[in-house]
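Let's take a walk through a protein model together. Please have the sequence and the 3D view open as you read.

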Amino acid sequence: MTSTLARVYHITVFGWYALVLKSLIAKDGEELPPGIFVYGGPWKYLTFLNLVLQTVFFGLAAVIDLHPGKTAEKTLCRLKDFLFSVFAFPVGMFVVLLFWSIFAYDRELVYPATIDTFIPPWINHAVHTFVLPVLLGEVRVQPHTYPQTKNALAALGAVGSAYLSWIVWVYLSVGIWVYPLLGYFSTAGLVGFFFFNMTVVTSLYLLRDKLNSHFWSKGTKKMTAKAK
């Protein structure tokens, strides 16, 4: 029953994210407010990168569900667990929590009102709201094996640093910050903001571990022990 539920869940979520991704990419050809897709297109936004990440993860999970017993299954399962535990869950939760926290304070700092004319509300909620319950649903329908903590945090730190370098490069190239909020920080402030965000992401990674153990205590602990 659990495997059937997981299979249906993965296929459904993958289809949903594929639809959202296709709809968002289609916006690239429209006349948008200045700076939205200039230099790097949607690939400079963490929200879009997270959407791609979620789509890839659930697509991989669906492929594994539909082709059980294959020789490469163990390797693909390790990749799936790594993607989810280290990136999909903490990054996805981070995007939702940070976006709505800043939005509640002053939406112009992260999602200017002019965007509403071009990005339908359903897409906004698809990439900034529904990600959270979908990830919690994945925690509930299937257990995941965790890598060693030091390896996971090293991977998170490397990817976080790469993204920070990317948005700084965009600013140096065209003079536009990916998010207006960043323009209010000094160099030291940007570094501090980056480390604060990495602390939040790390906390979300550890939270995922606790949730995994809570719902799948016995089996998960055994799998995690073997992995370490």
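The paragraphs below go from the overall fold to confidence, aromatic rings, surface and loops.

This is a predicted model, in which local features need pLDDT of at least 70 and side-chain atom pairs count only at pLDDT 80 or more, while totals for chains, interfaces and linings use all residues. Residues are numbered from 1 along each chain as its sequence is written, and side-chain values use heavy atoms, with hydrogens and water left out.

Start with the fold. The protein chain has eight helices and zero strands, where helices (H or I, at least four residues) and strands (E, at least two) are DSSP runs, numbered from the N terminus. Along the sequence, the pattern reads α-α-α-α-α-α-α-α. The chain has 228 residues, and 44% of them count as buried; buried means under 20% relative accessible area, exposed means over 50%, and partly exposed lies in between (1.4 Å probe, protein chains only). A contact is a pair with heavy atoms within 4.5 Å. Of the contacts between residues at least 6 apart in sequence, 80% join residues at least 24 apart.

How confident is the predictor? The score to look at is pLDDT, the predictor's confidence in each residue, from 0 to 100. Its mean over the protein chain is 86, and 88% of the residues reach 70 or more. Among the elements, helix H4 (residues 121-128) has the highest mean pLDDT, at 95, whereas helix H8 (residues 217-227) has the lowest, at 47. Over residues 219-228 the pLDDT is below 50, and this stretch has 13 contacts in the model beyond near neighbours in sequence.

Now to the aromatic rings. A pair of aromatic rings is described by the distance of the centres and the angle of the planes. Here, rings of Phe, Tyr and Trp (its six-membered ring) pair if their centres lie within 6.5 Å; planes under 30 degrees apart count as stacked, over 60 as edge-to-face and the rest as tilted. By this rule there are 17 aromatic pairs. In one of them, the ring centres of Phe99 and Trp100 lie 4.9 Å apart with the planes at 85°, so this pair is edge-to-face. Phe99 is buried, at 5% relative accessible area, whereas Trp100 is partly exposed, at 26%. Elsewhere, ring pairs link Tyr9, Tyr17, Phe57, Phe58, Phe84 and Phe89 into a cluster.

What does the surface look like? The accessible surface of the protein chain comes to about 12000 Å², and 70% of it belongs to carbon and sulfur atoms; these areas come from the Shrake-Rupley method with a 1.4 Å probe, and for residues only the protein chains shown count as cover. A nonpolar patch on the surface is formed by Val38, Tyr39, Trp169, Val174 and Ile176, with about 410 Å² of accessible area together. Patches are made of residues with over 30% relative accessible area and no salt bridge, joining like charges within 9 Å and nonpolar side chains (Val, Leu, Ile, Met, Phe, Trp, Tyr) within 5 Å.

Lys27 lies in the loop between H1 and H2, but Lys27 is buried, at 13%. Lys27 and Pro42 are 15 residues apart in sequence, with their C-alpha atoms 9.5 Å apart in space.

Side chains of opposite charge can pair when their charged atoms come close. The structure holds one salt bridge, a term for a side-chain nitrogen of Lys or Arg within 4 Å of a carboxyl oxygen of Asp or Glu. Its partners are Arg107 and Asp116, at 2.9 Å from N to O, and Asp116 is partly exposed with a relative accessible area of 37%.

Finally, visit Leu182, in the loop between helix H6 (149-174) and helix H7 (187-215). Leu182 is buried, at 7% relative accessible area. Not counting residues up to four places away in sequence, Leu182 touches Ile167, Trp177, Leu190 and Phe193. In helix H7 itself you will find His214, which is exposed at 59%.
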